[in-house]
Amino acid sequence: MNFRRLWSPKTSQKIMNVVFVLSGIVTLLILIIILGYVIIRGLPAINLEFLFTSPLESGKEGGIFPMIISSLYVTIIAALIATPLGVGAAIYMSEYAKNQKLIKFIRFGAETLASIPSIIFGLFGLAFFVVFMGIGWSILSGGLVLALMALPTIFQVSEVTLSSIPSSYKEGSYGLGATKLQTIFNVVLPAAIPGIITGVILAITRAISEAAAVMYAVGSSLAIPISLFDPGRPLPLHLYILATEGISLENAYGTAAVLIIIVLILTVSTNILVENYQKKIMGK
Amino acid sequence: MNREKINEFLIEKGLFITAIFSIIIIFTILIFIVMEALPAFQEYGFFRFMFGMEWSPNDDNFGVFTMILGSIFVTFLALMMAVPLSLLCAFFMEEIAPNKVKIFLKPVIQTLAGIPSVVYGFFGLTVLVPLVREYFGGTGFSIFTASLILAVMILPTIISVSQDAIKSVPHDFKEASFGLGSTNWQTIRLIIFPAALPGIVTAIILGIGRAIGETLAVIMVAGNVVQIPGSIFDPVRTLTTNIALEMGYATGLHYNALFGTAVILFIIIIILLIIANYIQNKHGMDIGGGTL
């Protein structure tokens with residue numbers, strides 16, 4: 001018995017249409033259920049006091065202000081370090097590298113770095129930044145680990161952006177007698193900025209969500225970090241501790257909702273940027 | 001004039017260093033992880049470490065094989081759930097759905113990819129664990145629960161990379177198939193799927209990598225007992241969770257053995273990447289990173 005004979009092609013087309021539509025609906029439902037549940041359970045906990053006060057009794061009461069500051073701190077450090085490195089690498093790839101083997105090798109390197117599990121970054125952060133470099137459990141160690149994780153995203157997105165810049169731009173610049181460097185800094189980079197910003201926001205979205213990579217580098221202090229060498233506790237780590245140590249379910253929901261709202265804002269702004277950029281490039 | 005030349009030269013070299021920086025980092029990570037793991041390998045023996053069934057740090061027993069099996073179990077079960085759904089969804093978005101639906105679903109996939117893994121774990125802990133406990137018995141902390149969460153987490157990876165693969169199938173293939181009177185489903189099944197298969201395999205491998213490497217979401221729902229599970233509703237401990245659970249208080253050889261666990265994890269990831277790269281090169285495709 002041939003399976004294909006069971007139904008006529010037209011019937012199986014109809015059946016499959018339903019299955020395909022269902023797959024889309026299921027995917028959408030998964031997102032709605034998770035987002036909806038966390039936000040609905042979390043919103044009642046969120047108010048100005050929750051956002052702007054320090055936790056009391058190790059997070060049972062009070063707010064998450066020090067965690068918001070820690071998250072901002074480590075994420076900004078990560079972006080400040082990873083952006084020049086990632087963009088520099090992308091410029092090298094699109095403007096200088098000629099050896100195809102080298103190009104492939106560098107891309108493979110970025111892919112590998114992007115695929116290393118965050119817990120390995122966590123161990124490396126502990127062994128390298130905290131112990132070997134002697135930075136200790138601090139915002140700086142956490143930010144440095146996140147910078148390494150953010151690097152491949154910024155590099156990959158910037159490379160795609162730079163290679164999509166029309167060569168007529170460059171030719172025009174060379175035709176006016178500009179040097180290669182002048183062309184890169186005055187023509188190529190300005191045109192690529194929206195794309196690069198998109199890459200940076202994508203990287204930030206990941207960095208701000210990361211807990212496993214920083215849990216052994218950043219310490220886990222409940223105090224507001226002031227200097228780079230103070231320990232801190234970013235939001236995802238706080239959520240992890242609240243949930244697994246059963247400290248406060250209510251505050252855990254609140255923290256989770258805050259995290260999700262941040263990620264949603266970042267995702268929406270990436271999309272708006274990409275859309276504007278595409279319109280501009282297409283000349284519409 | 002000369003100074004300008006020197007400047008250009010220096011900047012080119014500087015940019016070159018940023019370009020190979022990723023590779024420098026990878027080697028630094030590798031060296032540090034291996035160095036910290038070495039005492040465990042030397043004292044305990046690499047093969048005994050990798051294939052030993054007993055993990056009891058108090059008695060200086062460091063066999064990680066049960067954890068390797070644990071990682072394989074949860075990843076395999078997660079794939080069984082995620083692959084069919086994500087392939088259907090990828091084909092739906094590329095070949096079936098009207099443009100408006102596609103534009104609507106794209107941010108949905110992006111958002112799924114953007115949800116922090118701790119939030120997934122927290123959702124699993126507060127929602128899925130009680131549900132599994134009620135309907136399937138046991139504590140609710142199980143291989144099944146962990147795979148369910150992992151399946152959702154790898155959906156966006158598999159969907160978006162498969163979409164790239166489907167998109168890169170030449171239009172002529174489809175047109176020829178339609179021209180012969182095939183239906184859409186026949187074209188997808190007999191023409192597009194085989195042509196996109198290498199890319200789809202790459203997508204699945206990237207999904208495997210993500211599932212094997214996930215830590216905190218799994219810790220929160222897997223129960224973390226070191227044992228060979230008897231059923232999918234038994235608790236399990238994976239390689240990643242072993243590290244995260246015990247690193248906080250490990251000292252001496254125990255500390256080294258946890259780095260050893262990371263080395264095993266590293267080796268698995270590198271093997272997966274090499275396979276993915278081999279497939280890509282062999283079939284002459286370029287799938288952009290899977291990050292977008």
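**Overall view**

Colouring by secondary structure shows 10 helices and 2 strands in chain A. Followed along the sequence, the elements run α-α-β-β-α-α-α-α-α-α-α-α. Of the 284 residues in chain A, 53% are buried. Among contacts in chain A with a separation of 6 or more, 73% join residues 24 or more positions apart.

**A helix pair in chain A**

Select residues 65-96 of chain A, helix H3, together with residues 235-244 of chain A, helix H9. Two packed helices are described by the angle between their axes and the distance between the axes. Here the axes of H3(A) and H9(A) come within 8 Å and cross at roughly 135 degrees, so the two helices are oblique to each other. Which residues make the contact? On H3(A), show Met67(A), Ile68(A) and Ser71(A); on H9(A), show Leu235(A), Pro236(A) and His238(A).

**Aromatic rings in chain A**

Turn now to side chains. Over all chains, the count comes to 26 aromatic pairs. For one of these, select Phe124(A) and Phe129(A): the ring centres lie 5.9 Å apart and the planes stand at 75 degrees, so the pair is edge-to-face.

Then select Tyr96(A) and Lys180(A). Lys180(A) lies over the face of Tyr96(A), 4.5 Å from the ring centre.

**Chain B**

Move to chain B and select Phe41(B), Phe46(B), Phe47(B), Phe49(B), Phe51(B) and Phe65(B), which form one aromatic cluster.

Finally, colour chain B by pLDDT. The average is 91, and 97% of the residues score at least 70. Residues 286-292 of chain B, however, have pLDDT below 50. Beyond near neighbours in sequence, this stretch of chain B has 13 contacts in the model. Where pLDDT is low, the predicted coordinates should not be read in detail.

Key:
Residues are numbered from 1 along each chain as its sequence is written. Chains are lettered from A and ligands numbered from 1 in the order in which they are written. This is a predicted model: local features need pLDDT of at least 70, side-chain atom pairs count only at pLDDT 80 or more; totals for chains, interfaces and linings use all residues. Side-chain values use heavy atoms; hydrogens and water are left out. Rings of Phe, Tyr and Trp (its six-membered ring) pair if their centres lie within 6.5 Å; planes under 30 degrees apart count as stacked, over 60 as edge-to-face and the rest as tilted. A charge sits over a ring if NZ of Lys or CZ of Arg is within 6 Å of the ring centre and within 35 degrees of the ring normal. pLDDT is the predictor's confidence in each residue, from 0 to 100. Contact means heavy atoms within 4.5 Å. Axes are lines fitted to C-alpha atoms, for helices over the stretch in contact, and angles run from 0 to 180 degrees between N-to-C directions. Helices (H or I, at least four residues) and strands (E, at least two) are DSSP runs, numbered from the N terminus. Angles under 35 degrees count as roughly parallel, over 145 as roughly antiparallel, 65 to 115 as roughly perpendicular and the rest as oblique. Buried means under 20% relative accessible area, exposed over 50%, partly exposed in between (1.4 Å probe, protein chains only).
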